[in-house]
Amino acid sequence: MRGLMMDYPLTLPPLLERAQTLFGYREIVTRLPDQSLHRYTMANFVERAKRLAVALKKLGVEPGDRVGTLAWNHYQHLEAYFGIPCASGVLHTLNLRLHPDDITYIANHAGDRVILVDDTLLPLLEQCLGKLDAERIVVMSQGGGPREWPDGLLDYETLLADADPGSYEAPDPDENDAAAMCYTSGTTGMPKGVVYSHRSIMLHAMALAMSDLFAIRERTAYLPVVPMFHVNAWGTPFCCVMMGAKQVFPGPHLDAASLCDLLASEKVTITAGVPTIWLAILEHLDSDPERYDLSEIELMLVGGAAAPPTMIQGFDERHGLNVVHAWGMTETSPLGSVSYVSPKHDDLSREEKFVLRAKQGRMSPLVEVRGQARDGLIPWDGETVGELEVRGPWVASSYYDSEQGADSFTEDGWFRTGDIVSIDADGYIRIEDRAKDVIKSGGEWISSIALENALMGHPDVAEAAVIAIAHPKWIERPLAVIVLSGDKSPTLAEVRSHLEPHFAAWWLPDALEVVDEIPRTSTGKFKKSVLRDRFADYQLPDED
Ligand code: ADP
């Protein structure tokens, strides 16, 4: 017997109508490049997104055409998030932290026909001009009216002013049609294109609204520090429009003082960022704990890289702020798992709860996980490690036009994440390492992440990355690369005795190097490949 319910397609265009009807009053705030604040309402946003859809069609955008964006987090970028799919196009966010050659490669590989670019990022895009296949470049300048641009560049505000929102006709795409795409940031290889469908975005947005996930609702005031140019700012702009949340965009100002100021003045309740950003904010708050009133914040989501437990604890104990750890990838839209303390664990001690919260958490509804080791699936015992594999309605089933990534997908329909994990009996996942970062010492694995987290708990260490160094006997051994928090430099022996209570003796680093900074990827993660190159010929001290 078949169910007799409607086969109602899950697509983005109806969200615009919903936002207009129910949430027209809701504010959208942006910090502009000159630090001033731009404010308008959801009703203004919907009208302008429709104008953009009309304007793109006038420019010749056909169903399925890719429209690139090279932009910070702001209201016009939000308009593009909806205006492009509502013109039946595909929103393709370009990562502004990449080298111009990479931006050119990615825009051309995706087949971007039009690119929307911030005026402040024109110097970057100009380095790609001449090599880009895109036919039209549209410049967005925030806060002002229409402007003139040289060299055939079009002006975003002029296009919108000339478009009649009354002539907007909501498209009726198939729910499996592409709505957006994003390239992996290439931390572990060439960037590969992930193509999100209307359906995957809608289901993912609904999941974000769930209370044990991101809990976004109409009363939420949400500030994404995570960039709109990477994994759609974790899909949250779609969710905020769906639920009617207030949105607060930081523009290009991502320093701790500007962010704290905005969090306080706009009474933000939920915010999301990578550990690097929260570490800087923690330091800023520690230096002057009374300066900001952040009492409205319910949730500070952290993900994209492992959050050190000391950071979660520091926010909690010194500032009363609730940091929640989440795991995800470009290929998983990105929401995979979130780490809340289950009522089952209410009896754990305070310390034990921090340890649990620093795990990557349990899978979202509709996402399934398993750990694959060489000899089969791992047991959920919290100890055995294997590669995390996932499947679900917002997980990629293949890469766009790429042979290279084919081995990331198993024959039985799972995505291989490249993350090495253990899973405990309650389903809490712990990322032990990325497959490429794990240190293989004498046939056994040492988790670089575990050592880094513990090192970052040492008072003299601000940041730490642990990498594998070639070793004649053990094949690989760990080298700890640290950035000092002050003037005092700990010795290797001091560092080892700090780690000793928590690790087997053979896990302890064989050497220590102090550097001015740890190189980072375009999304703020440690770029260990650069360190590996730098220390490729490193000679480990002789063993006693
Ligand atoms: P890239 O693969 O280029 O770094 P992504 O942004 O897709 O781009 O990164 C996904 C990866 O980031 C995951 O596979 C994982 O290794 C890492 N990651 C994401 N969230 C966490 C987390 N909470 N803890 C540890 N690692 C994380």
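This is a predicted model: local features need pLDDT of at least 70, side-chain atom pairs count only at pLDDT 80 or more; totals for chains, interfaces and linings use all residues.
Leaving aside neighbours within four places in sequence, T236 is in contact with L208, F214, I216, Y222 and P224. T236 belongs to helix α9, which covers residues 236-243, and T236 counts as buried because its relative accessibility is 0%. From here, let's walk through the domains, the salt bridges, the cysteines and one glycine.

**Domains**

- The domain assignment of the chain gives a domain 1 made of two segments, 13-18 and 38-206.
- Domain 2 spans 439-534 in that assignment.
- Between the C-alpha centres of domain 1 and domain 2 there are 41 Å.

**Salt bridges**

- How many salt bridges does a search of the whole structure find? The search gives 33, and a few of them are described here.
- R31 and D261 meet through their side chains in a salt bridge, at 3.1 Å from N to O. This pair links distant parts of the chain, with R31 in strand β1 (residues 27-31) and D261 in helix α10 (residues 256-265), 230 residues apart.
- Are the two partners buried or exposed? R31 counts as buried because its relative accessibility is 6%, whereas D261, at 36%, counts as partly exposed.
- D286 pairs with R318 in another salt bridge, where the closest N and O atoms are 2.8 Å apart. Here helix α11 (residues 275-287) supplies D286 and helix α12 (residues 309-319) supplies R318, so distant parts of the chain, 32 residues apart, are linked.
- D286 has a relative accessibility of 31% and therefore counts as partly exposed. R318 is also partly exposed, with a relative accessible area of 49%.
- K488 and D460 form a salt bridge through their side chains, again with an N to O distance given as 3.1 Å. K488 sits in the loop between β25 (475-484) and α15 (492-499), and D460 in the loop between α14 (448-455) and β24 (461-471), so the pair ties together parts 28 residues apart in sequence.
- D460 is buried, its relative accessible area being 12%.
- One network is built from salt bridges that share partners, and its members are E27, R39, K246 and E266.

**Cysteines**

- A disulfide is a covalent bond between the sulfur atoms of two cysteines.
- C128 is in no disulfide, and the nearest cysteine sulfur, that of C182, is 17 Å away. With a relative accessible area of 0%, C128 is buried.
- C239 is in no disulfide either, and its nearest cysteine sulfur belongs to C240, 5.7 Å away. The 5.7 Å between the sulfurs of C239 and C240 compares with a cut-off of 2.5 Å for a disulfide.
- C239 is buried, with a relative accessible area of 0%.

**Around G24**

- Where is G24 found? G24 lies in the loop between α1 (13-23) and β1.
- G24 counts as buried because its relative accessibility is 16%, and the cut-off for buried is under 20%.
- Not counting residues up to four places away in sequence, G24 touches A19, T41, M42 and A43.
- G24 and A43 are 19 residues apart in sequence, while their C-alpha atoms are 4.2 Å apart in space.

Terms used
Residues are numbered from 1 along each chain as its sequence is written. Side-chain values use heavy atoms; hydrogens and water are left out. Domain bounds come from an automatic or database domain assignment. A salt bridge is a side-chain nitrogen of Lys or Arg within 4 Å of a carboxyl oxygen of Asp or Glu. Helices (H or I, at least four residues) and strands (E, at least two) are DSSP runs, numbered from the N terminus. Buried means under 20% relative accessible area, exposed over 50%, partly exposed in between (1.4 Å probe, protein chains only). Contact means heavy atoms within 4.5 Å.
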